[in-house]
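Trainee: Hi! Could you walk me through this one, a piece at a time?

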Amino acid sequence: MSKTESVATGTANDFGYRTYELGEFAFSRDEFFAHIAWPTGSHVMSIDDFLRAIQRDVAWDFFYGIVNFDAVLGTVNHYGTVDLFAGRFNEAYRSAELDHLENFETPQIRETFKAMLDDWTNSAFDPFASPVETGTPFGAKEGSNTDAVTRRRVAASRMVGVPGDEELRSDTTGHPVNRMFADVPQDEPDIEPEPAFEDRVCAFNLFKYLSRSQVTWNPSVVSVCKDSLYCPTTEEYILPIIHGNDRVEWFVQLSDQIEWTVEDRDTGKLRARVVMKPGDVAAMPSDIRHQGYSPKRSMLLVWENASPELPDLIASGKAPTNPVDF
Ligand code: PHB
Ligand code: FE
């Protein structure tokens with residue numbers, strides 16, 4: 001491990017969990033909480049919320065733009081380096097000059113977050129699972145759940161089901177139909193290619209595929225066309241992060257219902273509440289942050305434009321913050 005990637009960790013505390021340092025930030029956990037301290041302040045989060053948030057930040061390699069763990073703590077992805085901040089996008093912290101931000105090479109924060117997530121997750125808890133489908137994150141250290149916290153993210157290079165690409169889901173691949181999607185048809189499409197196109201035409205049943213997802217709030221890339229990524233996901237309970245966009249995102253509600261709170265990305269001021277029902281389409285502007293609430297397991301298509309040029313084009317005003325004017 002190179003010097004920049006070394007993880008600054010202390011010995012285990014009374015509860016069996018190690019402490020971690022990243023620049024001037026210090027992290028510790030006890031039976032119920034994650035404690036975060038920096039030179040001008042400190043913060044506390046319930047450990048279930050903290051683990052669900054850091055799990056997404058790690059698995060998505062800091063995602064697009066800002067991953068707010070809550071209204072205080074979070075990361076900004078600069079695609080090569082990452083800011084870790086406290087209060088940076090919180091008007092009260094900003095005006096009191098109590099906010100704190102440090103920039104790290106991505107491998108350094110990635111390795112520290114990975115180590116902390118693995119050490120602080122007990123054997124019973126899966127941070128990607130719906131709260132009703134996993135055990136407790138609370139209490140003193142009790143084993144680990146490395147397989148769950150290092151789960152590989154599905155990322156098709158062309159499309160799920162294409163030979164050599166991400167495989168379809170079935171009982172035999174270890175993906176049974178979720179309890180909430182028992183009514184989803186499980187047939188695959190008939191494909192009738194013209195001669196010579198037999199191995200060039202592919203199709204799959206996306207609803208069947210999603211009905212067999214074991215995780216929640218974890219968009220996976222199922223199809224790719226240049227920078228256009230289809231990232232559907234199944235949702236239940238609350239999106240564990242508040243996502244601050246650096247580009248427009250489109251949402252297509254494929255089933256059931258999600259309520260979104262949409263806030264100003266920089267201040268957190270409420271901008272809208274959006275209730276999305278099956279078939280609804282929304283374009284989330286690039287200057288907001290959002291968090292979704294799904295009272296029943298639902299299917300959502302997140303459509304991303306992965307062009308690396310977008311954040312600069314938008315920040316410099318060359319591209320608009322909203323994709324459509326009505
Ligand atoms: C988002 O921030 O746009 C997002 C993240 C995870 C999801 C859905 C939406 O599961
Ligand atoms: Fe988002």
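**Residues, metal site and cavity**

Mentor: Happy to. Asp312 counts as exposed because its relative accessible area is 59%; the cut-offs are under 20% for buried, over 50% for exposed and partly exposed in between, with a 1.4 Å probe and protein chains only. This is a predicted model, so local features need pLDDT of at least 70 and side-chain atom pairs count only at pLDDT 80 or more, while totals for chains, interfaces and linings use all residues, and side-chain values use heavy atoms, without hydrogens and water. Residues are numbered from 1 along each chain as its sequence is written, with chains lettered from A and ligands numbered from 1 in the order in which they are written.

Trainee: Which element is Asp312 in? And how far is Asp312 from Asp246?

Mentor: Asp312 is in helix α6, residues 310-315; helices (H or I, at least four residues) and strands (E, at least two) are DSSP runs numbered from the N terminus. Asp312 and Asp246 are separated by 66 residues in sequence, with their C-alpha atoms 8.9 Å apart.

Trainee: Let's switch to the metal. What holds the iron ion (ligand 2)?

Mentor: Its protein donors are ND1 of His243, OE of Glu249 and NE2 of His290, at 2.0 to 2.1 Å. Donors are N, O and S atoms within 2.8 Å of the metal (3.2 Å for Na, K and Ca), and water is not among the atoms, so sites may look incomplete. Along the chain, the donors of the iron ion follow H-x5-E-x40-H.

Trainee: What does Thr261 touch?

Mentor: Setting aside neighbours within four places in sequence, Thr261 is in contact (heavy atoms within 4.5 Å) with Leu270, Ala272, Arg273, Arg289, His290, Gln291 and Tyr293. His290 is one of the iron donors. Thr261 itself is in strand β14, residues 258-264. Thr261 and Gly143 are 118 residues apart in sequence, and 36 Å separates their C-alpha atoms.

Trainee: What about Glu263, buried or exposed? And which side chain does Glu263 pair with?

Mentor: Glu263, also found in strand β14, is buried because its relative accessible area is 17%. Its side chain makes a polar contact of 2.8 Å with that of Arg289. A polar contact is a pair of N or O atoms within 3.5 Å; within protein, one must be able to donate a hydrogen and the other to accept it, and residues adjacent in sequence count only if both atoms are side-chain atoms. Beyond four places in sequence, the contacts of Glu263 are Ile242, Gly268, Lys269, Leu270, Arg271, Ile288 and Arg289.

Trainee: Nice. Where does Val222 lie, and is Val222 buried or exposed?

Mentor: Val222 lies in the loop between α5 and β10, and Val222 counts as buried because its relative accessibility is 4%. Leaving out neighbours within four places, its contacts include Ala156, Met159, Phe204, Tyr209 and Pro232.

Trainee: Last topic. How many cavities of 30 Å³ or more are there?

Mentor: The count is 1 cavity. On a 1 Å grid over the protein atoms alone, a cavity is a set of points where a 1.4 Å probe fits but cannot get out, and lining residues have an atom within 4 Å of a point. Grid points are joined across faces, edges and corners, and the volume is the space filled by probe spheres set on the points. The largest cavity has a volume of about 30 Å³.

Trainee: Which residues line the largest cavity?

Mentor: Among them are Arg52, Arg56, Pro127, Trp217, Glu236, Tyr237 and Ile238. The elements giving two or more residues to that lining are α1 (47-59) and β11 (228-238). The largest share, 3 residues, comes from β11.

Notes:
1 Å grid on protein atoms, 1.4 Å probe; cavity = no way out; pocket = protein on both sides within 12 Å on 5 of 7 lines; lining within 4 Å.
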